[in-house]
Amino acid sequence: MLKRKAMDKLKKWKDQKNNKALIVNGARQVGKTYIVRRFAEECYDSFIELNFLEHPEYMDIFAGALDANTIKIAIRLTMEGCQFIDGKTLLFLDEIQECPNAITALKFLAGDSSVDVVASGSALGMNYKRGTSYPVGYVEYLDMTSLDFREFLWALDVDEDVIENVRQYFEKKEEVPLAIHKKMMEYLLNYMVIGGMPEVVNAFISGRDYYAADEIQRRIYRDYLADIARYAKPDLKIKAESCYKSIPRQLNKDNHKYQFSVVEKKGTARKFESSIDWICNANMAMVVNNVSFVEYPLENHLILDNFRLYTTDIGLLISSYDFSLKNGLLNDIMEDLSDNLVVRTAKGGLYEALVADILYKNGHNQIYFYRNEASTAELEFLIEDKDGIVPIEVKSGRKRAKTLVNLLKKEEIIKGYKLSSQNVGVDGKMITLPLYMAMFL
C-alpha cells in the first residue's frame, strides 16, 4: 500500500467544510482513483463511485435536471443498494470528462452539505467534451503526479525520520556521512530508472525486479500514446504523438532546446505548437522556457519559441530507450565518462530530466532555463522562491559551474545550487548539493 502526500490534502479539504467540490487532476495512471478510494475507506461511512468511462450508462443520471436532489434520487435508482448518509457520504465522479453534464452539475452538488463530492479525470486539461457551464467558484483542485522521490523512498520503506535526518544536512549545509550519501545516491538512481508510476513502483518493490517494472512502463507508455489517439482532435493525433515520442531525441542533443525539425524534417512551430500544448495540458510533459535575462520576474523575459520539453515521469522517459540504458545508469559513476555508449550519449539530458521531474513534483509550475547563444552561457534551471531567483546548475562530477559563478556575481541573487554526485559544500553564494537533495528545493 503506497503512502501518498495526496491523502493529507484530501483530508484537509474534507475538514475545511467550504461547500466546494474537489477535482483531482493528473495524468492517467498516477493513482488518482486509488487514493480517492482509500480516502473514502478511511473517512466515510458510505462511498458511491460513478466511472463514466467504464459505465457510459451512468451519463443518463445527468441527462435531465441537475439539482442535487434529483441527481441523488437518480443515482439511488440506478445503483441499487447505495446509500446517502447525511454528512458521511463521499460521491466520486471518475473520468468525469466523459460526461459534460456531470461537470456542470458539480455547481449544484457542491451546495448540498449532506454529501462530499470528488471528481477526477485524466483528460480534463485537454478541453475535451467540456460542459456548457463550467462550475467556476464551486470547485477546488488537487493536482496529482506520479510518486515523487520522497514518496518513492517511503515505498522502499525508508522512514520519514531518515529523510528528515538527511534534510538537516541540507539545512545546515554540512557534508552527509559517506555511507548515507552513497545509499541516497543508490536510491536516486533506482528512482531514475523506475520513476513514480504506482503500478511500476509496486512491481519493483515486490521483488526488486527491474524487468517486470520495465514491462509495465512500456505498456503505460503505449497507453499514453493510445490516449492521444482517443482524446486529441483528428488534426492533432499524429502530430501530438510525434512530439511526445520526440522528447528522448531532443534531450540527446548537445543543445536540449526543443526543435520541431527533429520531430519532422522542415517541421515548424506553426504546425506543431498546438500539439505541444495538448500533451502538456494532458500532464504528459512539461515545458521549461528560456529567458533572455536573468532578472526578476523571470516571466517577463520569456522567449516563447525557445523551450525544452521534459516528461512528467522520469521512469517513462528512461523506458523509451533500450533496456541497456537502465543497466548503464544503475552502474553509472557520474564523475567519470561512462563506458556505456548509450549512457555517454544521453547522460546530460537525462540528469536534467531527473531534476526537472523532482522540481515539477515539488510544485514548481514555472521552471525556466537560461542559454545565451552568443556567449554560450547556459544554466539548466531557474526557479523563484522567497529569496527571489534561484539558479540551479546540473553537473556530472567536479566540472566547474562557470555560468552559475557568473550569475552569482549579481547582487540580487543571494544563492545558487550546483547539483551533482558530490557531497554538500559551500563556496560563497554557491551551494553544492548531491542530486538527491533536489527534493528539498
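Helix H7 buries His-181, Met-184, Met-185, Tyr-187, Leu-188, Leu-189, Asn-190, Tyr-191, Met-192, Val-193 and Ile-194, where buried means under 20% relative accessible area with a 1.4 Å probe and protein chains only. This is a predicted model, in which local features need pLDDT of at least 70, side-chain atom pairs count only at pLDDT 80 or more, and totals for chains, interfaces and linings use all residues. Residues are numbered from 1 along each chain as its sequence is written, and side-chain values use heavy atoms, leaving out hydrogens and water.

H7 covers residues 178-194 and reaches 24 Å from its first C-alpha to its last, close to the 24 Å expected at 1.5 Å a residue. Just after H7 comes Gly-195, with a positive phi of about 75 degrees.

Now to Ser-319, which sits in helix H14 (residues 314-319). Why does Ser-319 count as buried? Because its relative accessibility is 2%. A polar atom of its side chain lies 2.8 Å from the backbone oxygen of Leu-316. Beyond its neighbours within four places in sequence, Ser-319 is in contact (heavy atoms within 4.5 Å) with Asp-214, Gln-217, Arg-218 and Lys-326.

Finally, the largest pocket has a volume of about 1100 Å³. Of the 39 residues that line this pocket, the closest to its centre are Ala-285, Met-286, Val-287, Tyr-360 and Asn-365. Helix H13 (269-281) is one of the elements that give two or more residues to the lining, and H13 gives the most, with six residues.

| Lining class | Residues |
|---|---|
| Nonpolar | 17 residues |
| Polar | 11 residues |

Note on methods:
On a 1 Å grid over the protein atoms alone, a cavity is a set of points where a 1.4 Å probe fits but cannot get out, and a pocket is an open set with protein on both sides within 12 Å along at least five of seven lines; lining residues have an atom within 4 Å of a point. Grid points are joined across faces, edges and corners, and a volume is the space filled by probe spheres set on the points. Helices (H or I, at least four residues) and strands (E, at least two) are DSSP runs, numbered from the N terminus. Ala, Val, Leu, Ile, Met, Phe, Trp, Tyr, Cys and Pro count as nonpolar, Asp, Glu, Lys and Arg as charged, and the others, Gly among them, as polar. The expected span of a helix is 1.5 Å times one less than its number of residues. Buried means under 20% relative accessible area, exposed over 50%, partly exposed in between (1.4 Å probe, protein chains only). A polar contact is a pair of N or O atoms within 3.5 Å; within protein, one must be able to donate a hydrogen and the other to accept it, and residues adjacent in sequence count only if both atoms are side-chain atoms.
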